[in-house]
Each structure stands twice: as structure tokens, then as C-alpha cells.
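Here's a quick briefing on one protein model. Have a look at the structure first, then read on.

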Amino acid sequence: MRKSLQLFFVLSLLLMWCGNILAQDASMFGLSPYMLGTEKGQPQYQGESPDANTGFGNDAIATGYPFLSMPIPAGTPFTIINPSFSPGWLAGGDIDASGAYYGCSYIGQGQGNLVQVNLGTGVPTVIGPITGFTLYPTSLAYNAANNTWYFGDTDGATSRLYTLNIATGAATLVGQITGCAGLIGMAINCTGQAYGVDIVTDQLYSINLSTGAGTAIGPLGFDASYAQDCDFDAATNTMYLAAYNAAAGQGEFRSVNLGTGGTTLITAWPGSEITGFAIDNPCGPPCPIGAPSNPNPPSGTTGVGLTGNTASWTNGAGTVDVELWFGPAANVVKVYDGPAITSFALPTLTYNTTYLWYVVCKDATCGTQGPTWSFTTMQDPNLNQWCDDFANFNNWTIVGPAGLTNWATATTSNAGGTPPELRFSWTPSFTGVSTIRSVSIPLLDNWSVDYSFNYYLDWYDDPSGIVTFGITYDGGATQTILYQDNNPTGNVGPTIVSGSFTTPASGASNAQLQITYDGYSFNIDYIYWDNICLDWIVPVELTSFTASADYGVVELRWFTATETNNQGFEVQRSAGGEFETIAFVEGHGTTTEVQAYNYIDRNVNV
């Protein structure tokens, strides 16, 4: 196997912990390689009994995987309950209504044991293997609203939700958690609303427990990687994350904003990586208020207009007051809190934006939060777009001169999109430049254009080479560099690269994108791209244009459906040579209403 000689020399270091991490591209779900085998700088440990409102878990990178507790919401100091936790580290854990703690000990892909832990002594009892799943186990959460356990697994491209029989360990598939590539932790509040943490995109998701459908709420605000877990404090409905921040190289305790997805650091846990995190604070009797239902627009609706929209729903039984939370992803805020209503007039919306909303039905003593619903507004009718999702390679030509067989589409999603994607392979290895060039894209001269694409570079060794994404207007003789990855010293991404550029004063209709690798290809494993898009706004959507002539008089008539920042129209005339401007007709600025224009030229030579 390639590179086996180089790898041989580090095998002795890996043997101590290879069972605890995943394969190369899935290692983000395992333990931090930076902290294994060291306890320097770990949080202070104490020996007194846990407090009433207490979090539990085990330290996955401390010697013996100690099972421990910490006060909530401080998150520190740690109290060691059992210094030697025989099942190893826990991929997920939670506490049910009876106060019993269950966790999933991590073994490997498609493997994990269901473990019950005595919270007083930290002594584990292995119930048996969890069956019925095939990916890497990462999550275990209890839903007090329906007395059901839920389990999650992932491979970094796909994440799945299961129900779990706590007596037998049998997992039953609910469905794929759509949009969530790398589920690493899951928490369910007292009203049955589920949330998951995705460490591929570093985002918070809401999860529909009936279908598995995921809805992205917003970015976590830190570089989440390796094993971590989350849970709710029932007393405050606060979600806490036992995180591992790869950029900081440390474990961290964070609170989570359910409206934006953002997290707030409470305390650092240097030298520790807490997994199987659960808070011992039972939900108590369920709130008697029913959950809201029947959203309109129905959840998942697309193509919603920008104005004249009203959100409506059916309140649950017993509702006296309601809260309405609404906003674009990563900015959901409370927009109403008062006596019960069943509809709300929405403000003017923004093109091509996904909005999230949910309703809390309540009385004077408690409330029941409904599911997070979503809809997406219509695309800007003035938006022109060229995109390639790499269903095939038809839009590209390999121009080399090296690496003529290294480019292909692949049925993977490592760049963070959905399969398939573009892949550049290290093999056959070469030293030099390899370029692919797109078909011509008819851009407008002297025009602002936005670009974006998904990107992931799987690094192997230094120097890793230079990766360039650019645009050419002369068939590759020259190019404008839009993005460049210059000899990175580690993996890059998966990430979304975006920006903008202005086309030249002439020749923009000959635009072609170029992707180039320049270096020793052996020093990378693979490079992936997906969803390469160019977007540009044409300020006027013209629906008709007519001209009529009568004895030296020409009448022009035209109609627009929409206009964006349109100052007006120049009218130009040519008698067979150069065009000259003869008039200016004022536009209507920004409007989505049909506008009619005309101009009469009475000075045409016949």
C-alpha cells in the first residue's frame, strides 16, 4: 500500500491509541491526537461528592479514562468518581427519567457497546453490543417527552438517526439527518426538540425525531473537531456542549444559543476531552400545554415571495400565551411574546434566503416549544448563475501539461457538498503543473461577479504544492487568481470559499475558470471541489422590446418585470456605423412591478 514504508516508523506510537481514533478522513470523530498520553494542564480534580445539578462524562484522553462529574453551569472543578473506566471512552451518553445513565463505548465503525454507569460509584455495566448500525457511533440522547432513546452515527459525509432499545441494544433507523455531514453530539430538551452538532461544517442543527430531517441553524463559532457531546439543563432549558476546540488544542465547556447556533465559552478544559456528557437534572412532570402544529408556509417550502407573507400555525391545547421566534439561519430572534395568536405578518424578506421559525405555546407556569420550521425565499429574478455540481466532467477540459489522468468526478462528498464532486488524485504522481479549464461562461464586461465553491485538501507531506482557482479571458494565456492555497502544512477544509471580482472592460464573454495544481502530487492525497458557482445580477428583467417605424419616426416600446437599482436606459442609434447615444430614459430604481417605457425618435434619416 502506498506510503507504507514511511508509516512503518510511526506505527509504534500509534499502537497505544489506534483503537480509539478512526481512519484518516474520519479521525475528527475520535480523540485528539495532540493530547493523548498526557495529563499536563488538566483541570483541577477534587474528591468531594457531586452537587445536585451535575454534569457527568469521562475524560477520553486522561490515563484510565476516568469517569467524573462537574458542577453545572460552572463546568469546573472536576470530581473523579471512578479513576479507571474499563469500557474506555464513551462516544455518547445521557440520563433517563429514572436517573439511570447509559452510554455508548466507542470501538470502531459499526461497533459500540451499550454501557450503564452507576453515577455514585462510576462503575460500568456492559449491557452488550449496539446492533443495527454501520457507521461510527457518536451520539446517544434520551427524550423525556416520549420516553425514547435516540442514537446517531456518521462517517463524515452522512449522519443517521436511530431509536435505541435500551434493554437489547438494538438500533432502528429513523432516517438520514439531512444536511448534517458529521453528527458528533445530540441533545433533546424536555419538550422533545432535538439538536445536533456537526463537526464537518461546525454548525448546530435541529433534528426532526420522526424523520431524521436536519435543519442548519448556524455556525458554532469555533473549530469543533474530535469527540464531544452535549446535553440540556432541564432547569433552564440551556444546551451545554462538552467541546473540543481543535484550533485551541483543548477541551472546552460552552453554552449554545439555539437561535443562532453560536456558542459561548464558559471555561477551558486544557488537557481534557470530555465525552459521554450528560446532566443529572430530570425534566419533571411534562408541561400540559400542547405543541404547536400545522405551520404555514409548510416547513421546507421554497420559492416564497418577498412581501405580503404571513406565518400561521395551530396552537397546542391549553395555550394562553405564545412566543414566536423568527429569522434567517444564524439569526433567529424573538419577534412576539404575548397573548395567544395564530398568525403573524412577516417583514419584507430577502431573496434566496432560508428562514427558520418556531412557536412556544405556554401558560403562566410552563411552555412547550414546537419544532423548528423553515422556508426559503425565491431566487432573485435578476440573478444570472453558472454552476457546476460535477454530475459529470462535461464542463471541463484537462489541459495539463502534467497530471492528464489525475482529474475525475467522484461519488464522495469530502468537500462538504453532496455526491458527486470533483477530485484531483495524487496518483499517478508527477512533479509539475496540471490545469483544467471550464467551458466559456458569457459574463458581462466591467461587471461585478460573485464566486463560491466547496473545497477540501487532504494533505500528506511538505511541500504540498500550490492550488489555484482563477479566471481567464484569453484561453489561458493570462489569468486572474481568485483563490490560492500555497503549500499548506495540513488538511484544509472542508470549507466554502467565496469572494467577488470585476470583469475587464472587454472580452468578458470569453471567460473560463481554471483550476491548477503545481507541485509534487505525491505530497497530497486528494483535493476535492464541489458546487462551483458564479453569480451576477442583471439590473433589469426585460420582458418585451418592440420597434416600429413610420416615415422617419421610430417608436421604441419595452417592458420590465423587475428592476434593481436601475438608474435608467441609454437610447443609442446607428446609421450603419458606430452607435451614438441620443437620449436617456429614467428607470424606476428597484421595483418588482411591471414597468412600461417608450421613446420616439423623430430624427431618423430616411
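Domain 1 (54–280) and domain 2 (293–377) both contribute residues to the lining of the second largest cavity, so this cavity lies between them. The domain bounds come from an automatic or database domain assignment. Bear in mind that this is a predicted model, where local features need pLDDT of at least 70, side-chain atom pairs count only at pLDDT 80 or more, and totals for chains, interfaces and linings use all residues. Residues are numbered from 1 along each chain as its sequence is written, and side-chain values use heavy atoms, with hydrogens and water left out.

**The cavity**

- Searching the whole structure turns up two cavities of 30 Å³ or more; a cavity here is a set of points, on a 1 Å grid over the protein atoms alone, where a 1.4 Å probe fits but cannot get out.
- The second largest cavity comes in at about 40 Å³, the volume being the space filled by probe spheres set on the points, with grid points joined across faces, edges and corners.
- Its lining is made up of Tyr195, Ile217, Leu258, Gly259, Val332, Leu356, Tyr358 and Thr372 (lining residues have an atom within 4 Å of a point).
- Sorted by class, that lining has six nonpolar, two polar and no charged residues; Ala, Val, Leu, Ile, Met, Phe, Trp, Tyr, Cys and Pro count as nonpolar, Asp, Glu, Lys and Arg as charged, and the others, Gly among them, as polar.

**Domains**

- Besides domains 1 and 2, the protein has domain 3 (384–537) and domain 4 (540–602).
- The centres of domain 1 and domain 4, taken over C-alpha atoms, are 62 Å apart.

**The four-stranded sheet**

- Four strands form an open sheet in the order E5-E6-E7-E8, with antiparallel pairing (strands are DSSP runs of E, at least two residues, numbered from the N terminus, and two strands pair if DSSP finds at least two bridges between them).
- E5 (90–95) and E8 (124–129) are the edge strands, each with a single partner strand, so one side of each has no neighbour in the sheet.
- From one strand to the next, the twist averages 25 degrees (axes are lines fitted to C-alpha atoms, and angles run from 0 to 180 degrees between N-to-C directions).
- E7 (residues 111–117) pairs with E8 over five bridges, in the antiparallel sense, and Leu114 sits opposite Gly128 in E8.

**Strand E36 and its partners**

- E36 (residues 448–459) runs antiparallel to E39 (residues 492–502), joined by nine bridges; Val449 has Phe501 in E39 as its bridge partner.
- E36 also pairs with E41 (residues 524–537), antiparallel over nine bridges, and there Asp458 is partnered by Tyr526 in E41.

Technical notes: 1 Å grid on protein atoms, 1.4 Å probe; cavity = no way out; pocket = protein on both sides within 12 Å on 5 of 7 lines; lining within 4 Å.
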